[in-house]
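Please consider the backbone of the model shown below.

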Amino acid sequence: MSARIDSLEAPLLVTWQLTRDCDLACMHCCTESAPGKALAGELTRDEALRLAADIVANRVPYVMLCGGEPLVSPHFFDVAEALGAAGVALKIETNGQRLDAKAVRRLAALPVRSVQVSLDGDTQETYARQRAGGSLAKAHAACRALQAAGLPLEITFAPTRINIAEAEAVIGRARSFGAFRFNTGKLMRIGTAARHWRRLEPSEHQYREFRALLDRQAAIPGMELCYEPFRMEDGLRRSAAEPPATLLVLPNGWVKVAAALPHICADLRRMPLAEAWESYRNAWRSATVAAAAREAIAIEVRHERANAWQPLSVNA
Amino acid sequence: MSEKVRKPKTPQQPAIRKPAARRKARWETPKMQDVSDEVMAQPYIRFT
């Protein structure tokens, strides 16, 4: 197999979960984040800064900082500023609860391509049912602060039985904040979402209506609607055919082959990024990953195993 | 590594080793313009 990743000397994107800790306890969370749920052995500040320096040295152009809630990490800005000062483009995924004017000013000094704020409801009642502990007013205030600072705002919406009736209102809200993109797709059956699946999974009818809404909204100019591939299985099928040039880094420095698969192909605490990149490329050639991908494409319930991480031996 | 060895014309002349033409570099440096919209839009962990 000759894939695009085999011609690149480093990934195009590093998706880096800085911490599993979060200030909200969302029912739909695919990383099983919640207050106090930092992963054992998360990278320390020094280790995280070493990884940031390695990312810069390898000329990775784009880094997404996420979590958990990345702003809960005490070294979030240290990492973001180390990367940004070296010219690495950034995407930040946040719930917006801590994104006040001061935080937005610090981000505005960096080469930020997107700040993605989760808006999983358009009323406080719905939002807080899905995002326990969350304040919709704070999330909206974060969006306004980003808009005022001229930072590119992206909204994400995780559809569930709880909030899907408010999808159209959330899309309208995103437009009112000047968001350049609205990002959604089928709910992922991973982590906390898998545990609450019966209470969360929208019905087939709800999904049909939701897709029709997205199609209608996509025809309206002013904001991109991004919802393809809609299902995790379709995304995985694409990845199996053409593996993305992306390293998904867990808070402890482990590298996951794909969000829907449990396999760990590298440990950035113990090896340099270049070696992890080689292991990742080898992982996509392994029979184990190919078989697991085929299974996850065919059987959605298999996604529930995605957080039961399994080290994969993929020596060159 | 492949290389051509030109035999000396006289016993006094040393052999001249001519390196094969340099192969095209295998690796591309990743560039921001190669990051597709899809990669930019679709986080690999989508719903946190």
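Does Glu32(A) count as buried, partly exposed or exposed, and how many C-beta neighbours does Glu32(A) have inside 10 Å? The model is predicted, and in it Glu32(A) has 19 such neighbours. A residue is classed as buried if 20 or more other C-beta atoms lie within 10 Å of its own, and as exposed if 12 or fewer do. Glu32(A), with 19, therefore counts as partly exposed. Its place in the chain is the loop between β2 (25–26) and α1 (45–57) of chain A. The backbone of Glu32(A) has phi near 60°, a positive value in a residue that is not glycine.

Arg59(A) also calls for attention. Phi of Arg59(A) is near 60°, again positive in a residue other than glycine. Arg59(A) belongs to the loop that runs between α1 and β3 of chain A. Because 14 other C-beta atoms lie within 10 Å, Arg59(A) is partly exposed.

The peptide bonds come next. Between Gly67(A) and Gly68(A) the bond is cis, and its omega is near 15°. Gly68(A) sits in the loop between β3 (62–66) and α2 (76–85) of chain A.

A cis peptide bond also links Glu228(A) to Pro229(A), with omega about -5°. Pro229(A) is located in the loop between β9 (224–226) and α10 (232–241) of chain A.

Technical notes:
Residues are numbered from 1 along each chain as its sequence is written. Chains are lettered from A and ligands numbered from 1 in the order in which they are written. This is a predicted model: local features need pLDDT of at least 70, side-chain atom pairs count only at pLDDT 80 or more; totals for chains, interfaces and linings use all residues. Helices (H or I, at least four residues) and strands (E, at least two) are DSSP runs, numbered from the N terminus.
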